[in-house]
Structure formats: structure tokens, C-alpha cells
Amino acid sequence: MKLHWKILLGLSFGVLFGILMTFFSWGNHFVADFIKPFGTIFINLLKLMAVPIILASLVNGIANLSDLNELKSLGIRTILLFVVTTVFAVSVGVLLVNTIQPGNTISPELKESLIDIYADETSSKQEVASQQVDRGPLQFLVDIFPENIFDATTDNRRMLQVIFFAIMFGIGIIFIPEKKARPMREFFSSFNDIGMKLIDFIMIVAPYGVFALMATIVTEAPSLEFFGALGLYALTTVLGLIILIGTDTLWVTLFGKKSPWFFLRGIAPAQLVAFSTSSSAATLPITIKQAKNKLKVQDHIRSFVLPIGATVNMDGTCLYQGVSAIFIAQVFGIDLSLSAQLGIILTSTLASIGTAPVPSAGFITLVIVLAQAGIPEAGLALVIALDRPLNMCRTVKNITGDAAVSLVVENSLKKSKFKS
């Protein structure tokens, strides 16, 4: 059986098992004590490989470039595509939420109930967001430059620092004599191959890890009453994510010269892992593996595009922020002007750059978006109940967009080489 079918079965059985456990008084405790730990172990194994894979693949990819001009072409195309897709994503979200207007379906009673229930949780998110705002407008640039690379490798939230070091180290290998560079190239090439082999081992237990994660998510979910009441908001967000994934597939077909079936079948295992883990960082080793083995993206391209994309290309998160901000405004009866909504698009785009690729990081940046637009931050309680399931969906979009950009960039570079 293909890997993606095994993972899909694990996901489905996990949901069914979680639902079954909710019918027993002891079910939630059983899942928390004896099932959840295996899901946590699976995520930890993936996170364990994230930094080594990034370091090895990125250094290996850049060190094998012919010169810095090739790196320049690769970097410009990658960043430009990330910016374009991010702006497009949040624009789609703003358009959908203005068209469907899900905020008009929420009753005042439900609004007050949600604000009361999630008051403590939203205040903690606001506190974290305020700390980020207080750091200054250029702090994100400072955060890219590590003062100690060994310290940076201990925290997946500092992935940009690892990426920066890997790029600089790879450039250094290019500039030293070939005789001295060869041992380092061979070392990182072997390091990369070992990392990929370890990912193969981890993926053997992926269906069981996904089973444990989904069973835990179901048993820890809030009341179904809230899901029903917020259903139109959730559907608006999911519809936007589906449109974006469809757009990614179209981009791959038109500009990557690959068939939609080839792309979706190749990225499917990574999508399913992304859905169950809600983390681009945890999914990154799988995304790189699928890009190598199934999508056949060249080493230096996938090792450059995918790690950077996992950190700065948060299309699904941007769409979610746009939809959520305007949804909250609708619930509170705030009529946002065109300039205010353009501000939401700009702030969502900027806030997504450097967002930590971990669960609920997008919810933290949503606080910043609301503050910029003058929308009451108490409205966070309206969307926090659905944050985790929507986070699962938007993570799928994020890693799909990264893979799509890698294929488009690869084909663009091939064309430029042919013309030259």
C-alpha cells in the first residue's frame, strides 16, 4: 500500500477512535494517558530531524552551485514568488469574507458566551503578541543573525538563524579551493543522505503517529455547539484554502510544467502529516523527502526553497488572518473602510514573514493584525475555539505552496539557462 494511503487510514481510524472514546466517561483520560504520548513522540521525531535536514540539505545544495550568480537567481525568484503568493492569499481571504459575511450569523448571546469562556486563553495570546510588538520594527532582521549557531539549533522557532548560517557556510565552501572544499561537500552530502534515510525509518511509524494525533485532537476538541455556530466562518476559511491549493496546482501546471496529478500525488504524504501535526517545521523533513523522491526537484533548489518557505511563506496563515479579522469586525458591527482592509492585507503579509513555523503561531500574529485595524482584541475569543482545526488546514496549504514554488522556480531556472 502507498504511504499516503497508510497515513490516510491512520488519520481516519484516529478520528473514529477519538469519537468512540468520547462516549465513555474514562475515554478522554485513556487517550490522554495511553494514546497521546505516541503522537507526541512522532512529532518530536520529526522536529528532531528538522534542523539537521535543513543544515545538511541547504549547505549541500549551495555548495554544489557553480557560482553566486546561480544563488542570486534562485533567491530572487523564490522570494518574489513567496511575496506574490502571500499577497494573493490574504486578498482571496478578504474577498471571500466580504462576500459570504459569516460574522452576521453570530448571535450576541453566543458572542458573549465565547468571550467569557476563552477570556483567559485570549489574554495569554495578547500578552505574547504585545511582547513581539514591543521589540521594534526591525527586530525581525536582528533575529535572523545568530550569535551562537549551536544555541540556535536547539530551538525550531529560530529556524531562520539556522538557514542564514547554512547559506553563509555553503557560500564559504564555494569560495575556498576545490581541494579543501571537497571533504566538506562529501561530508554534507553524506550527512544529507543519512538524514533522508532516517526520515524513511520515521515514516514507517507515521500512520500510527497520525492515528494518535487525530484521536487526541478529537477528544480534546471543544463543544460541538461552537463548531456548529461558527461553521460559516470555518467554511469560508476552508473554501479559501481550497482555492489557494487549486491555484498552486494551476501554477505547477502552467509554470512548472507538471501535471496536477503528479504534483498532488507526490505531495500527499506531506499534506497528511501537515494536517495531523499543524506544524510546517515538523512536516519539513517529509516535504523535502517528497520533493526529492516524488516531485524530482533538484537538490540545490528544494534545499533552498523549502526551508525558507517553511518560515516565511505562510499563505494559509495570511488567508486565515484576513478572514478572521474581518469576521470579528462583522460580529462587532464594525464597518471597515477600503483603506482599513488594505491595511489588513499589508499587515498580514508583513506579520507572516518570520512567523515561527509551529502550531498557533498564526494566532499570535492575528493579535497584531487586529490591533492595526482597530478591531477589539476581545474578538479573539470568537475564533480561538476553531484555531486548532483551522491551523491543521492552513498548514496543509502552507507546505503545498512551498512545494509548488520549488517546481515553478526549478522550471524558471531551466528556461533562463536555455536562453543564456
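Here are legends for a few close-up views of a predicted model.

Local features need pLDDT of at least 70 and side-chain atom pairs count only at pLDDT 80 or more, while totals for chains, interfaces and linings use all residues. Residues are numbered from 1 along each chain as its sequence is written, and side-chain values use heavy atoms, with hydrogens and water left out.

**View 1. Lys-397 in helix α20.** This lysine sits in the helix that covers residues 387-419; helices here are DSSP runs of H or I with at least four residues, numbered from the N terminus. Lys-397 is buried, at 1% relative accessible area (buried means under 20%, with a 1.4 Å probe and protein chains only). Setting aside residues up to four places away in sequence, Lys-397 touches Leu-241, Leu-244, Ile-245, Asp-248, Asp-315 and Gly-316 (contact means heavy atoms within 4.5 Å).

**View 2. Asn-411, also in helix α20.** Asn-411 counts as buried too, with 13% relative accessibility. Beyond its neighbours within four places in sequence, Asn-411 meets Phe-255, Gly-256 and Lys-257.

**View 3. The largest nonpolar core.** A nonpolar core is a set of buried Ala, Val, Leu, Ile, Met, Phe, Trp, Tyr and Cys residues joined through side-chain atoms within 4.5 Å.

**View 4. Around Phe-304.** A second, separate core of 45 residues includes Leu-319, Val-323, Ile-328 and Leu-386.

How values were computed. Helices (H or I, at least four residues) and strands (E, at least two) are DSSP runs, numbered from the N terminus. Buried means under 20% relative accessible area, exposed over 50%, partly exposed in between (1.4 Å probe, protein chains only).
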